[in-house]
Amino acid sequence: MELARQISRKLHQEHLAILDLLGRFEQSLMRLREPPPADDTAWRGLLAQLEAALQYEVTRHFDLEEDQLFPRLHQHGEGELAELLFEEHEAIRAVAGPLLEMIPRAAAGKLDGAGWKAFKISGLELAERLGSHASKEEGALVPLVDEILDEQTDRDLSSDYAAG
């Protein structure tokens with residue numbers, strides 16, 4: 001996909017990164033019958049990446065879209081898309097919050113049978129919801145943002161986003 005705007009390219013990169021991470025997380029969960037031991041460094045590393053990505057995704061990434069991009073979609077007659085994506089953000093936050101609370105216990109190997117089952121179910125639900133959402137944004141939001149932003153707005157948004 002050839003993108004002209006910096007912010008579109010940044011969203012595209014973030015979507016590809018989260019899709020890759022979610023794919024690896026989902027594959028791990030599908031493969032595991034019980035929680036890995038606390039000394040499983042690959043598992044702990046994957047969970048650390050997931051935790052950092054989720055904290056970023058459901059705050060900075062979603063905030064950029066909700067505060068800066070969705071209002072512009074409304075202005076350009078794409079309000080239904082903005083509302084759909086916002087509703088998906090809310091559903092993703094509802095799954096990500098409890099999962100983020102469980103990640104430290106999962107990384108430490110401190111989930112019992114019921115806790116592991118809840119973690120696995122939440123993890124698979126998150127992978128499905130966020131993966132589907134990121135794919136939808138890749139197909140609809142990113143190209144639209146690339147089209148509707150002018151050069152100056154793109155520079156301003158990119159600069160603000162990079163500054164954090």
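**Salt bridges and a helix**

Modeller: The structure holds seven salt bridges, and please keep in mind throughout that this is a predicted model.

Biologist: Which residue does Arg93 form a salt bridge with?

Modeller: Arg93 pairs with Glu66, and their closest N and O atoms are 3.0 Å apart. Because Arg93 lies in helix H3 and Glu66 in helix H2 (residues 41-75), the pair ties together parts that are 27 residues apart in sequence.

Biologist: Is Glu66 buried or exposed?

Modeller: Glu66 counts as buried, because its relative accessibility is 16% and the cut-off for buried is under 20%. Arg93, by contrast, is partly exposed, with a relative accessible area of 24%.

Biologist: What joins the side chains of Arg93 and Glu90?

Modeller: The side chains of Arg93 and Glu90 are joined by a polar contact of 2.9 Å, and Glu66, Glu90 and Arg93 are linked in a network of salt bridges.

Biologist: And which residues does Arg93 touch, leaving out those up to four places away in sequence?

Modeller: With those sequence neighbours set aside, Arg93 touches Val58, Phe62, Asp63, Glu66 and Pro98. Arg93 and Thr59, which are 34 residues apart in sequence, have C-alpha atoms 9.4 Å apart in space.

Biologist: Let's turn to H3 itself. Why does the distance between its end C-alpha atoms agree with the expected span?

Modeller: Helix H3 covers residues 79-107, and its 29 residues, at 1.5 Å a residue, should span 42 Å; the end C-alpha atoms are 40 Å apart, so the two values agree.

Biologist: Where does H3 bend?

Modeller: The bend in H3 is at Glu101 and amounts to about 30°, with a proline, Pro104, following within four residues. Just after H3, Gly109 takes a positive phi of about 70°.

Biologist: Back to the salt bridges, then. Which residue does Glu125 pair with?

Modeller: Glu125 forms a salt bridge with Arg129, the closest N and O atoms being 2.8 Å apart. Both residues lie in helix H4 (residues 113-148), where they are four residues apart, or about one turn of the helix. Glu125 is partly exposed at a relative accessible area of 31%, and Arg129 is also partly exposed, at 34%.

Biologist: What about Arg155 and Glu151, where do they lie?

Modeller: Arg155 and Glu151 both belong to helix H5 (residues 151-163), again four residues apart and about one turn of the helix. Their side chains meet in a salt bridge of 3.2 Å, N to O, and Arg155 counts as partly exposed because its relative accessibility is 38%.

Biologist: Now a change of topic: where does Arg5 lie, and is it buried or exposed?

Modeller: Arg5 lies in the segment before helix H1 (6-31), and it is buried yet has no salt bridge. The nearest side chain of opposite charge is Glu151, 4.4 Å away, and that pair does not count as a salt bridge because the definition asks for a side-chain nitrogen within 4 Å of a carboxyl oxygen.

Biologist: So what does the side chain of Arg5 reach?

Modeller: The side chain of Arg5 reaches the backbone oxygen of Leu149 at 2.8 Å. Leaving out residues up to four places away in sequence, Arg5 touches Asp146, Leu149, Asp150, Glu151 and Asp154.

Note on methods
Residues numbered from 1 in each chain as written. Predicted model: local features only at pLDDT ≥ 70, side-chain atom pairs only at ≥ 80, totals over all residues. Heavy atoms only, no water. Helix = DSSP H or I, 4+ residues; strand = E, 2+ residues; numbered from the N terminus. Buried < 20%, exposed > 50% of the residue type's maximum accessible area, 1.4 Å probe, protein only. Lys, Arg positive; Asp, Glu negative; His and termini not counted. Polar contact = N/O pair within 3.5 Å; in protein donor to acceptor, adjacent residues only side chain to side chain. Contact = heavy atoms within 4.5 Å. Expected span 1.5 Å × (residues − 1). Bend = angle between axes of the 7 residues up to and from the residue.
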